[in-house]
Amino acid sequence: MKRFFAILAVVCLASSASAGDAVVSIVATSDGFLVAQGERATIELADRDGQALWSTPGVDHPTKIVVADDGKRAAVLDPLNNQLRIVDLGTHTSTLVRTGETPVDAAFLGDALFVLDRDARLVERVTIGGAKAALQVPVDTIFLRAAGDRLYVYSRGDGVLVEIGTAPFATLRTATVRPHASDCIVARGNAYLLYPHDAQIARVSLASMTVEGQVNAGNMPMAIAVVSGPTALSALTFAVADPAAKRVWTIEAPQSTKAAVGHGFLAGVLGVGVFKGRASEFPTGVDRVAIAGSSSIAYDTSSGTLYRFTKKESSVLMKDVPPNAWAVSPTGVAVWAGGRLQMVK
């Protein structure tokens with residue numbers, strides 16, 4: 001446990017050290033890269049050569065950007081000023097929205113934006129016309145994930161996964177899970193929670209809202225990303241960033257007994273080995289991981305080092321990169337450096 005909190009302290013110190021600097025956040029869209037600059041309080045879209053195409057007013061502390069699935073809208077969160085900007089990527093305009101205390105996550109569903117306000121303990125619904133509604137959530141709720149027409153939020157403090165309906169906007173079901181997960185993914189009808197202290201990934205079935213399996217995941221994992229979808233031979237596959245081990249592990253997701261038996265049987269019939277976990281090693285402790293297309297990227301918050309990796313090895317892409325000043329897309333990796341957006345080969 002002491003080792004876990006030591007790692008958290010390093011990550012938090014690195015993040016807070018950059019708080020006094022100009023904050024930049026980047027996200028990939030279908031049209032290019034959306035860049036939110038805190039120093040200029042602007043949001044701009046840059047093409048894949050790093051050239052700015054247009055700009056619109058932004059926020060002072062852009063710590064997170066989320067993009068709608070249709071690619072037409074984005075939201076830039078400012079948790080220090082309790083506000084966000086909804087960006088219309090078609091008209092190149094933005095609208096300022098006041099939020100509850102400390103907006104930390106958001107998701108678009110249909111015509112609405114849903115915002116998780118951590119310290120206010122609220123999920124807010126904001127419609128295109130600006131109408132708002134809110135639901136109370138448990139203490140220290142930090143992740144908001146969308147699946148179909150449902151939302152799922154996880155309380156790190158209480159150890160609760162809450163299911164929220166959007167039409168009507170209401171709390172539907174809750175699942176009792178372990179507290180203190182460091183990451184959460186919703187995929188293929190399941191929620192996957194990553195636990196650093198237990199070094200495990202737990203699978204929560206969204207059909208039954210119960211925990212239905214877990215798998216070991218390195219030494220003290222901090223972040224998770226989907227590598228590939230399930231196949232006839234293997235389950236959903238994750239990349240897991242483990243700063244204590246200085247590795248990114250490639251691990252199959254926990255699965256039902258029926259699915260595991262099926263994968264093992266088919267592999268035996270075809271004469272191939274059942275998937276085994278692999279790991280790429282790093283000179284420093286990476287605590288974030290992102291995958292898009294053929295680009296697999298890991299990041300060490302404490303040193304600001306960005307890496308490219310495969311299942312077996314890693315290489316340094318760039319050093320001294322601020323925590324949110326990079327983004328990965330199927331066409332490559334973008335980094336904010338020297339006051340402009342650069343594509344890293």
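Reader: Why does Arg-247 count as partly exposed?

Author: In this predicted model, the relative accessibility of Arg-247 is 26%. Buried would require under 20% and exposed over 50%, so Arg-247 falls in between and is partly exposed.

Reader: And what makes Glu-281 count as partly exposed?

Author: The value for Glu-281 is 49% relative accessibility. Since exposed means over 50%, Glu-281 remains partly exposed.

Reader: How do you know that Glu-281 forms a salt bridge with Arg-247?

Author: The closest N and O atoms of Glu-281 and Arg-247 are 2.8 Å apart. The limit is 4 Å, so the pair qualifies as a salt bridge. Glu-281 sits in strand β24 (residues 278-281) and Arg-247 in strand β23 (residues 247-252), with 34 residues separating them, and the pair links distant parts of the chain.

Reader: Which residues do salt bridges with shared partners join into one network?

Author: Lys-64, Asp-105, Arg-145 and Asp-183.

Reader: What makes the contact of Asp-105 with Lys-64 a salt bridge?

Author: Their closest N and O atoms lie 3.7 Å apart, and a salt bridge needs a distance within 4 Å. Strand β9 (residues 103-109) holds Asp-105 and strand β5 (residues 64-67) holds Lys-64, 41 residues apart.

Reader: Is Asp-105 buried or exposed?

Author: Asp-105 is at 4% relative accessibility, and the cut-off for buried is under 20%, so Asp-105 counts as buried.

Reader: Why is it said that the pair of Arg-178 and Asp-198 ties together parts that are apart in sequence?

Author: The two side chains meet in a salt bridge at 2.8 Å, N to O. Arg-178 lies in the loop between β16 (169-176) and β17, while Asp-198 lies in the loop between β18 and β19, so the pair ties together parts 20 residues apart in sequence. Arg-178 has a relative accessible area of 27% and is partly exposed; Asp-198, with 37%, is partly exposed.

Reader: How many salt bridges does the count come to by this rule?

Author: The count comes to 12.

Reader: Which residues touch the most other members of the largest nonpolar core?

Author: Tyr-154, Leu-161, Val-177, Leu-193, Tyr-195, Val-204 and Leu-206 do, in a core of 17 residues. β13 (141-147), β14 (150-155), β17 (183-187), β18 (190-195) and β19 (200-205) each supply at least two residues of this core. β18 gives the most, with 3 residues. Another core, of 15 residues, lies apart from it and includes Leu-144, Leu-151, Val-160 and Phe-169.

Reader: Which strand forms a hairpin with β19?

Author: β20 does, with 4 residues between the two strands. In the turn, Met-209 has a positive phi of about 55 degrees. β19 and β20 (residues 210-216) run antiparallel and are joined by 5 bridges; two bridges are enough for strands to pair, so the two strands are paired. Val-204 stands opposite Val-211 in β20.

Reader: Where is the pLDDT below 50?

Author: The chain averages a pLDDT of 88, and 86% of the residues score at least 70. Over residues 1-20 the pLDDT is below 50, and this stretch has 18 contacts beyond near neighbours in sequence. Residues 260-276 stay under 50 as well, with 20 contacts beyond four places in sequence. Where pLDDT is low, the predicted coordinates should not be read in detail.

Terms used: Residues are numbered from 1 along each chain as its sequence is written. This is a predicted model: local features need pLDDT of at least 70, side-chain atom pairs count only at pLDDT 80 or more; totals for chains, interfaces and linings use all residues. Side-chain values use heavy atoms; hydrogens and water are left out. A nonpolar core is a set of buried Ala, Val, Leu, Ile, Met, Phe, Trp, Tyr and Cys residues joined through side-chain atoms within 4.5 Å. Buried means under 20% relative accessible area, exposed over 50%, partly exposed in between (1.4 Å probe, protein chains only). pLDDT is the predictor's confidence in each residue, from 0 to 100. Contact means heavy atoms within 4.5 Å.
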